[in-house]
Amino acid sequence: MAEEPVLNSRPSSFQERTLGLVEELIRQDTSNPHGNEYRAARPLKRFLAREGLDVELIESSSGRISVVARMRGVSASAGPPGLLLSHLDVSPVQRSFWSTSPFNPTVHSGYLWGRGAIDLKTLVAAHAVGLAEFARQNPSPYVDVMLLAAADETRGGKAGIRWIEEHRSDVLDCAWVLGEGSFSYPTLLGSKGPVFTYCPQEKTALWLVLEAQGPGGHSSVPRESTAVTRLVGALAAIGSIQSARHEGYIQDEFIELMTRASESDRSRVEMAIAESPAFAAMFKDTISITVVEAGVEPSVVPSSAKATLDCRLMPDTDPSQFIADLEGVVAEFGVSVTETFRAVSGASDPRGLVPRALERALAKTVPGAAMVPVVSAGYTDLRIFRARDIPAYGCHTAPITLEDRATIAGHDERVPVLSLGIAAEMIFNVLSEVNADAAKDA
């Protein structure tokens, strides 16, 4: 397989520095809700300050801290800075399901284990180490570069990017953004070598609450129709929905480039996509049931039952029409549908400055690897920048397998140790390519 020689060829300096910083960040429990991002903000600030970067801590409320660092260029025509975007909060854990302690970083079997190992403390560290090395090797760069490690991304950014947008919008005034939203793989869908993906576009996130009501009372007197049976019926009906396939320019490009990378034909790539939940989601609207609430006592029939749906919609799906259609599906069960959150991403030019820099950087970092665009099934803070017409792209630069990816927000989250050096070196090379472009224009 291509994975071993690729991962074993990384310079140890990037790997060692990134590993050390990631371990320190994982030790800080920044589980959201609550976040307490100040815990991770402190060691990140220390690292960046030691590297000679200007660092600022932005506190939206008690303990909710985002970190901003800046490296200033020397060119008067440099324009607004580029921005490396990440976040400090992590998803909560169910400790009983973990093989290791989630906030005690552990290295074994070639992996670093711990909450945030992929999402997203490895990328925080890769941005910091890559930027620090770039600053060290380029004391008089032609570009300004900022780093923003935000609070509260996993809960929508109210205490992070959205607060910054309202109260410190100067931090968001940038020329381009590189953050999360897609992943890199040692091999993917039958490819003959590594595949790094980048996302110029994300699906719309739409959170809905379904509520059913019905007669309550003592459970010794059964009822044919209750709030719970109505909700269960509605959820079963939703589960039977067959989403239509959507395909646009990015999906077409993904299939074409993956066909080349696998040295195969389109039909085989299409089949591999259909068999991969992670990539099949790039072509259709999806609905996941995430929270179900009903009842407080074993002997009492509840009068109310609720379920939360996390819907991820294709960019060309109208959220309001989607809700109307869903209401039609559950109408016979007397269930109400209430929208609680909506995040529309927008899109950036898939052939812009950053994708070109990513492609050239990848050729230096992992020769022979393919760079492929995707539509991200997740939503990220990048949506805030796209809404401001700022080109924004996601690319998690640490290669992982699809099996590794499945641990995100789940149990035993882990990242290959040998991927840490690649992640930071890739960021260093991206900044070097952007700087080289700026030098030509200076």
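Predicted model: local features only at pLDDT ≥ 70, side-chain atom pairs only at ≥ 80, totals over all residues.
In which hand, right-handed or left-handed, does α6 pass α10?

1. Helix α6, made up of residues 227-239, passes α10 in a right-handed crossing. The axes of α6 and of α10, the latter covering residues 319-330, come within 9 Å of each other and cross at roughly 125°. Angles from 65 to 115 degrees would count as roughly perpendicular and those over 145 as roughly antiparallel, and the two helices are therefore described as oblique to each other.

2. The residues that bring these helices together can be named on both sides: Ala-234, Ala-237 and Ile-238 belong to α6, and they meet Leu-326, Val-329 and Val-330 of α10. Sorted by class, this contact between α6 and α10 holds six nonpolar residues, with no polar and no charged ones.

3. A reader moving on to the strands will find an open sheet of four, running in the order β12-β14-β10-β15 with antiparallel pairing. The edge positions are taken by β12 (286-294) and β15 (336-343), and because each of them has a single partner strand, one side of each is left without a neighbour in the sheet. On average, and with direction ignored, neighbouring strands of this sheet are turned by 20° against each other.

4. Within that sheet, strand β10, which spans residues 204-213, pairs with β15 in the antiparallel sense over seven bridges.

5. Two cis peptide bonds deserve a careful look in the model. One joins Asn-32 and Pro-33, with omega at about 20°, and Pro-33 is found in the loop that lies between α2 (12-26) and α3 (38-50). Another joins Asp-119 and Leu-120, where omega is about 5°, and here Leu-120 is found in the loop between β5 (111-113) and α4 (121-137).

6. The loop between α2 and α3 also holds Asn-36, a residue that has a positive phi of about 50° although it is not a glycine. Its relative accessible area is 24%, and Asn-36 is accordingly classed as partly exposed.

7. Ser-109, likewise not a glycine, has a positive phi of about 55°, and this residue lies in the loop between β4 (106-108) and β5. With a relative accessibility of 63%, Ser-109 counts as exposed, since the class begins over 50%.

Note on methods
Residues numbered from 1 in each chain as written. Heavy atoms only, no water. Axes fitted to C-alpha atoms, helices over the stretch in contact; angles between N-to-C directions. Parallel < 35°, antiparallel > 145°, perpendicular 65-115°, else oblique. Left-handed = near helix turned anticlockwise from the far one by under 90°. Contact = heavy atoms within 4.5 Å. Nonpolar A, V, L, I, M, F, W, Y, C, P; charged D, E, K, R; others polar. Pairing = 2+ DSSP bridges. Buried < 20%, exposed > 50% of the residue type's maximum accessible area, 1.4 Å probe, protein only.
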